[in-house]
Amino acid sequence: MSANDSQGLWPAPAKLNLMLRVVGRRADGYHELQTVFQFLDLADQLHFTPTDDSAIRLRTPLPGVAPEHDLTVRAAHLLQQTSQCRLGAEIHIDKRLPMGGGLGGGSSDAATTLVALNRLWNTNLSQQELAQLGLSLGADVPIFIHGHAAWAEGIGETLSNMELNCPWYLIVHPGCHVSTADVFSAADLTRNSPHIKIADFLGGDRANDCLPVVAKRHPQVADALAWLGEITTARMTGTGACIYGEFNSQAEAESACSRLPERFQGFVARGLNRSPLFDRIDSS
Ligand SMILES: C[C@@](CO)(OP(=O)(O)O)[C@H](O)COP(=O)(O)OP(=O)(O)OC[C@H]1O[C@@H](n2ccc(N)nc2=O)[C@H](O)[C@@H]1O
Ligand SMILES: Nc1ncnc2c1ncn2[C@@H]1O[C@H](COP(=O)(O)OP(=O)(O)O)[C@@H](O)[C@H]1O
């Protein structure tokens with residue numbers, strides 16, 4: 001099967017954090033969060049060819065990421081080891097999501113790899129076992145294995161489904177890279193936000209505790225926030241760098257995108273409550 005055969009493509013969608021509160025810190029240094037995840041109809045596309053030898057080969061290495069560090073390769077090795085599977089795989093990534101922008105592309109690639117290879121290798125791990133494996137690769141991996149928009153607690157692994165409005169979004173990439181580890185190690189990060197309830201979020205409590213830290217250290221993020229804030233309420237996803245705003249229609253989001261200054265990169269995408277990865281599985 002060729003990498004261009006759409007039947008063989010597995011989507012790895014982006015996510016947005018619609019709010020993000022840092023409510024505590026665990027003994028291992030990881031921070032406890034309250035957040036809301038929604039997917040976007042914007043995705044990397046992955047292709048897997050199972051092989052008889054046990055090698056994992058990434059045919060499309062990403063700039064700046066050594067193949068053995070790529071989250072798809074790490075996910076494949078982890079599944080192989082856990083299930084004692086003797087098969088291997090060739091992996092192709094058609095990378096469409098910006099890296100390090102808070103859209104979760106690397107975590108989503110890892111989740112799609114676990115879900116796809118679990119089927120292609122017939123390793124038969126449950127969704128819960130896959131999510132547990134995924135969590136050891138990154139805090140954002142479980143939501144992509146869960147596959148439904150959710151309220152999240154813990155470090156992102158305790159998930160309760162939500163049925164959210166699905167607006168069109170303009171996502172603005174300010175052009176800088178924000179390190180998640182740097183944000184969580186910042187001395188001035190608020191780490192003791194009071195817990196809120198789902199009803200508070202639905203009532204409009206949509207703050208992101210990481211934003212002040214990121215905007216202070218990355219003037220491009222503050223710049224994008226100010227530009228989009230002139231048009232609509234502008235928010236940051238995850239630890240950034242991407243800023244997004246909601247629109248009632250694709251046309252309105254596209255119109256705002258057409259006015260984007262050249263220093264920014266823009267994406268128009270629809271919010272989704274169900275991950276396209278699972279739509280793909282149901283239709284196959
Ligand atoms: C903050 C969030 C919100 O969705 O998103 P991003 O902006 O990175 O996408 C995530 O929880 C990020 O998840 P992910 O990107 O998988 O992070 P990881 O690789 O697990 O962690 C990177 C580093 O950030 C710190 N970290 C991460 C998550 C967390 N809840 N507490 C932390 O302290 C740790 O120092 C860790 O070593
Ligand atoms: N398949 C992958 N796609 C994207 N990034 C990857 C991948 N594998 C490893 N990485 C590393 O993970 C980092 C975070 O990537 P990404 O998930 O896109 O950002 P974020 O966590 O901000 O949403 C990248 O800067 C890169 O070094």
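**Note on the annotated sites, ligand shells and domain contact**

1. The UniProt feature "active site", from an unreviewed entry, is placed at Lys15 and Asp140. Although these positions are spread over 126 residues of sequence, they cluster in space, with a largest C-alpha distance of 9.4 Å. UniProt positions are given in the numbering used here, feature names are shortened, and annotations may be inferred rather than shown by experiment. The model is predicted: local features need pLDDT of at least 70, side-chain atom pairs count only at pLDDT 80 or more, and totals for chains, interfaces and linings use all residues. Residues are numbered from 1 along each chain as its sequence is written, while chains are lettered from A and ligands numbered from 1 in the order in which they are written.

2. Lysine 15 lies in strand E1; helices (H or I, at least four residues) and strands (E, at least two) are DSSP runs, numbered from the N terminus. Lysine 15 counts as buried because 27 C-beta neighbours lie inside 10 Å. A residue is buried if 20 or more other C-beta atoms lie within 10 Å of its own, exposed if 12 or fewer, and partly exposed in between, with C-beta atoms placed from the backbone. Not counting residues up to four places away in sequence, lysine 15 touches Phe37, Gln38, Phe39, Leu40, Leu103, Gly104 and Ile143. Two residues are in contact if their C-beta atoms, placed from the backbone, lie within 7 Å.

3. Aspartate 140 is placed in the loop between helix H3 (127-135) and helix H4 (141-146). Aspartate 140 is counted as buried because it has 28 C-beta neighbours inside 10 Å. Leaving aside neighbours within four places in sequence, its contacts are Gly104, Ser107 and Gly156.

4. A "binding site" feature, again from an unreviewed UniProt entry, includes Gly101, Leu103, Gly104 and Ser107 among its positions. Glycine 101 is found in the loop between strand E4 (88-94) and helix H2 (105-120), and leucine 103 is also in the loop between E4 and H2. Glycine 101 is buried, since 26 C-beta neighbours fall inside 10 Å; leucine 103 is buried, with 29 other C-beta atoms within 10 Å. Not counting residues up to four places away in sequence, glycine 101 touches His173, Ala241 and Cys242. With that exclusion, leucine 103 touches Ala14, Lys15, Leu97, Pro98, Thr237 and Cys242.

5. Ligand 2 is surrounded by 18 residues, of which Leu71, Gly100, Gly105, Gly106 and Asp109 are the closest. A residue is near a molecule or strand if its C-beta atom, placed from the backbone, lies within 6 Å of it. Helix H1 (71-83) and H2 each supply at least two residues of this shell, and H2 gives the most, with four residues. By class, the shell has five nonpolar, eleven polar and two charged residues. Here Ala, Val, Leu, Ile, Met, Phe, Trp, Tyr, Cys and Pro count as nonpolar, Asp, Glu, Lys and Arg as charged, and the others, Gly among them, as polar.

6. Around ligand 1 there are 19 residues, with His31, Gly138, Asp140, Phe184 and Gly238 coming nearest. The elements that give two or more residues to this shell are E2 and helix H5 (180-184). The shell around ligand 1 comprises six nonpolar, twelve polar and one charged residues. It draws at least three residues from each of domain 1 (6-162) and domain 2 (168-272); these bounds come from an automatic or database domain assignment.

7. The centres of domain 1 and domain 2, taken over C-alpha atoms, are separated by 22 Å. In total, 24 residues of domain 1 are in contact with 33 residues of domain 2. On the side of domain 1 that touches domain 2, strand E1 (9-25) and E2 each supply at least two residues, and E1 gives the most, with ten residues. That side has 13 nonpolar, eight polar and three charged residues.

8. The largest nonpolar core has 73 residues, and Leu114, Tyr169 and Ile243 have the most contacts inside it. Such a core is a set of buried Ala, Val, Leu, Ile, Met, Phe, Trp, Tyr and Cys residues joined through C-beta atoms within 7 Å. Strand E2 (residues 31-51) provides the largest share of this core, nine residues. Domain 1 (6-162) and domain 2 (168-272) both give residues to the core, so it lies between them.
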